[in-house]
Each structure stands twice: as structure tokens, then as C-alpha cells.
Amino acid sequence: MKSLKIASSAVVAVAAFSISLCAASSAFAADELSLGNPAGELAPASDAAANRPPATFFTITDVLAKLDRQRGRGPNAIRTASLAPLNTATDALPAAKPLPPVGAEPFGLFTFRAPENGLWRKWRGLESDLAREQTVLEHCRENAAGCPPNAAQFLRLINAVKSRSGRDRLDEANRAVNQAIRYVTDFAQHGEADRWTAPLATFATGKGDCEDYAIAKYIALSEAGFPREELRLVLGRDRAIRQDHAVLAARLDGHWLILDSRRSDLIDDGDLDNFTPMFAINERGVQLFAAPYAKRLPLGDELDAAPAAANAADAEWTGVEDFSSSGTQLPGLPLLL
């Protein structure tokens, strides 16, 4: 009898434990359903899916807009996630600016600093000569009686140029220098293939070649008040007669005019069809002409302007007047692309 009571108590205890486990499992399942299953997962029981609350979808843009409205930025404030705020650092490359179709230099080209070569040495030597002659001109302005004849002649030319304005000033400089100098090659005058002479030295002999004409016009206009940054000594090639040639380019009212030793009239740079420019020289030093991309087809991923010379890295101004007549393509000459 006692054994039977013990057995009955054990059965009751087991039943009570089983009931408590079932209750705990049901409560856990209810909590799990109230939290909701992640999207895309299937509930283990078929009736659990029917009791699951509907999924809520949202975008980052919606969240940012809600936060903006809560922070008092207005009911219609919208901020997209793809736009970085101004105070946020980014490694994204800025949008490339398109190159202008025409350059601001003579002949509608661009220029960049030329590599160190013989032209740089010539220009620096000429700058030293120009500085010495500037001292002579200042002395002549203070003491006309002690002024050398060549300096006095050049000063009269400067004053005549200064008395004009606009295009007439350029025209006066071109005509006066062309009339004051007789063309002679450097080899005939100095026994050298190419020598650059400062104006007073040129006016002392009354002789010179194309560079000497251009240099004298450059200084005359500068002394007369024409801005040097608007002047360029341009070295290039006259393809019509296959000779190296130098001219002076002057920018007036946004347009470049050419002062040529072989013409009394000014020439628009667009009308100098047979002249191929290679180097531009002024107070910035020696610049190499480069063709804008709008004038040629782009190659690959090029981003910088390319030299206007076919082999500009090796090209140098020679000053030689005569070239071999063989072939139509001259070596080392710039090509407008």
C-alpha cells in the first residue's frame, strides 16, 4: 500500500513537470512571434506565419528626411544619402573641366615652359644686355647732351611710338624699326649662325636679322608703355620659303597682331598661314607652343596639352636661314595639329 502511494506521487510529479515545460515552451514561442522573424525566414509552424505582423520596408533617404524634419529643418527637408555634406572628406576626383577650344596665346595655341636648352641661354644673355642698355637709356633721359647717337636715335623712336595709341602705336613701332634697320644675316655680320642683339647695339650698326628687328620692337613698345605681358617674341618657321623666322606678337583688345620685319602693315595672327610658331619668349622666359585638344583627336587618356612641335623635346631654334630642299616635311619643325 505504501509502495502504491509512492508510485502515485511520482506519477503526479512527472505530470506536473511536463505541464510546466509545455507552458514555458508556449510562452517562449509567443515571445519569439512578438519579436518577428527576419525577412525571408520561414516559421517552423504553418500557423505562425499567418500570425506574424506585416514587414516594414524603408530607405536610407526616408530615414534621413525624417531625422531632418525632427531636427527642425522644415517639413519638406530632404537629404539624399548619395550626396556627401560639404564638411565631409572624400577621395573622389573632382569633375574634369573641359579645355577651351582655343588657347589664349598667339595663333590660338597654349604655351608651357620649354626645357632648358640653347634658347634659354640666349635669352638670359640678352636679358643681361638689355639691363645694361636700360642704364644707358636712363642716363640719356637725364643728360641728352651726353647721349650716344645710337641711343638718342632709339629714344626718338620710343617717343614717336609713345605719342600714338592703340593700333597706331603698334603700327608706328613696326614701321619705324623696319626702316631703321637693314637686314643682314648674323653670319655675314658677326660670323655666327645665330646671335641675338640688344636694340642699342643693333642701332649702332643699323644692321640686323629678324630676331634683332623683333627685339627692338619689343623694347620700343615696352619703353613706350605697352605692357610686356601682352608681347611675345615668336620664333618659328616660314614654310613658304623654308626659313627660320622671328616676329613680334602683340595683344590688343584681346586679339594678337603680328609685327613682321618683312611687312610694313600689321598682320592678324590668323592670317599668317605659312608661319608655324614654335617658341614664345617674354619676361616669363622661353615658352613652347602647344596645340589645344580641340584642334586634334584625343589619344587615350591624355589630360595635358601636347607640344605643337612633332618632336618638341628635341627641337631647338637654329637661326639658320637656309635648309635643304629635300622632302616636304622638315625635321624638328612644329606642326599645328
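**Close-up views of a predicted model**

**View 1. Helix α9 and the residue that follows it.** Helix α9, which runs through residues 210-223, has 14 residues and reaches 20 Å from its first C-alpha to its last, close to the 20 Å expected at 1.5 Å a residue, where the expected span is 1.5 Å times one less than the number of residues. Helices (H or I, at least four residues) and strands (E, at least two) are DSSP runs, numbered from the N terminus. The helix α9 is mostly covered, since 14 of its 14 residues are buried, and buried means under 20% relative accessible area, exposed over 50% and partly exposed in between, with a 1.4 Å probe and protein chains only. After α9 comes Gly225, whose phi is positive, near 105°.

The model is a predicted one, in which local features need pLDDT of at least 70 and side-chain atom pairs count only at pLDDT 80 or more, while totals for chains, interfaces and linings use all residues. Residues are numbered from 1 along each chain as its sequence is written, and side-chain values use heavy atoms, with hydrogens and water left out.

View 2. A cavity is a set of points, on a 1 Å grid over the protein atoms alone, where a 1.4 Å probe fits but cannot get out, and its lining residues have an atom within 4 Å of a point. By this rule there is one cavity of 30 Å³ or more, and the largest cavity has a volume of about 60 Å³, a volume being the space filled by probe spheres set on the points, which are joined across faces, edges and corners. The elements that give two or more residues to its lining are α9, β4 (231-238) and β5 (243-252). Among the lining residues are Trp196, Glu211, Ala214, Leu233 and Ile281.

**View 3. The buried face of helix α3.** In helix α3 (residues 60-70), the buried residues are Leu64, Ala65 and Asp68. Seen down the axis of α3, these buried residues fall within an arc of 100°, so they line one face of the helix; the arc is that of the directions from the helix axis to the C-beta atoms.

**View 4. Arg263 in its loop.** Arg263 sits in the loop between β6 (255-259) and β7 (267-268), and this residue is partly exposed, with a relative accessible area of 44%. Not counting residues up to four places away in sequence, Arg263 touches Asn174, Asn178 and Leu272, a contact meaning heavy atoms within 4.5 Å. Arg263 and Arg175 are 88 residues apart in sequence, and 8.5 Å apart in space, C-alpha to C-alpha.

Notes. On a 1 Å grid over the protein atoms alone, a cavity is a set of points where a 1.4 Å probe fits but cannot get out, and a pocket is an open set with protein on both sides within 12 Å along at least five of seven lines; lining residues have an atom within 4 Å of a point.
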